[in-house]
Amino acid sequence: MRARRLPLALVDFTEQVLTGRKTQLHFDGYTSDWIDINNGIGQGDPLSMILYIIYSADLVDIAKPRRGRESLTELTLAFVDDTALVAIGKDFTD
């Protein structure tokens, strides 16, 4: 997030949301002790899609931009948590 030059307040907020989280497992009448979570974000959290887009933004930047009448040789498409990279060449040595 810092590399993308997002506002420090947003970076700090995100760090605070993802720090010090815990969960418990509940099944068949059993409840586990609290378990620390040290990575990821809660399942179904609406913030997860936005954070993933920021996290994977470098993948989208890999493709070289087209200049003038230059042929398109690389293309990147991304939507939420899906990213596709396409490279176009005359043969495998191109």
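Biologist: Let's start with a glycine: where is G20 found?

Modeller: In this predicted model, G20 sits in the loop that links α1 (8-17) to β1 (21-23).

Biologist: Why is G20 called exposed?

Modeller: Its relative accessibility is 68%, and the label exposed asks for over 50%. G20 passes that cut-off, so it counts as exposed.

Biologist: Happy with that. Where is K64 found, and what makes it count as exposed or buried?

Modeller: K64 belongs to the loop between α3 (57-61) and β5. Buried would need a value under 20%, and exposed one over 50%. K64 has 56% relative accessibility, so it counts as exposed. As for its surroundings, the C-alpha atoms of K64 and E74 are 6.2 Å apart, with the two residues 10 apart in sequence.

Biologist: How do you know that β5 and β6 are paired strands?

Modeller: Pairing takes at least two bridges. Strand β5 (residues 74-79) and β6 are joined by six, and they run antiparallel, so they qualify as a pair. Within the pair, T76 stands opposite L85 of β6.

Biologist: What do β5 and β6 form, and what is the phi of V80?

Modeller: They form a hairpin with two residues between the strands. V80, in the turn, has a positive phi of about 50°.

Biologist: Why is β6 said to lie largely in the open?

Modeller: Strand β6 covers residues 82-87, six in total, and the number of them that are buried is zero, so the strand lies largely in the open.

Biologist: Let's step back to the whole chain. How many helices and strands are there, and in what pattern?

Modeller: The protein has three helices and six strands. Along the sequence they follow α-β-β-β-β-α-α-β-β.

Biologist: What percentage of the residues count as buried?

Modeller: Of the 94 residues, 10% do. The accessible surface comes to about 8,300 Å², and carbon and sulfur atoms hold 57% of that.

Biologist: Last one: how many side chains are positive and how many negative?

Modeller: There are 10 positive and 14 negative ones, and the centres of the two sets are 12 Å apart.

Definitions and conventions. Residues numbered from 1 in each chain as written. Predicted model: local features only at pLDDT ≥ 70, side-chain atom pairs only at ≥ 80, totals over all residues. Heavy atoms only, no water. Helix = DSSP H or I, 4+ residues; strand = E, 2+ residues; numbered from the N terminus. Buried < 20%, exposed > 50% of the residue type's maximum accessible area, 1.4 Å probe, protein only. Areas by Shrake-Rupley, 256 points an atom, 1.4 Å probe, with all protein chains shown as cover. Lys, Arg positive; Asp, Glu negative; His and termini not counted. Charge placed at Lys NZ, Arg CZ, Asp CG, Glu CD.
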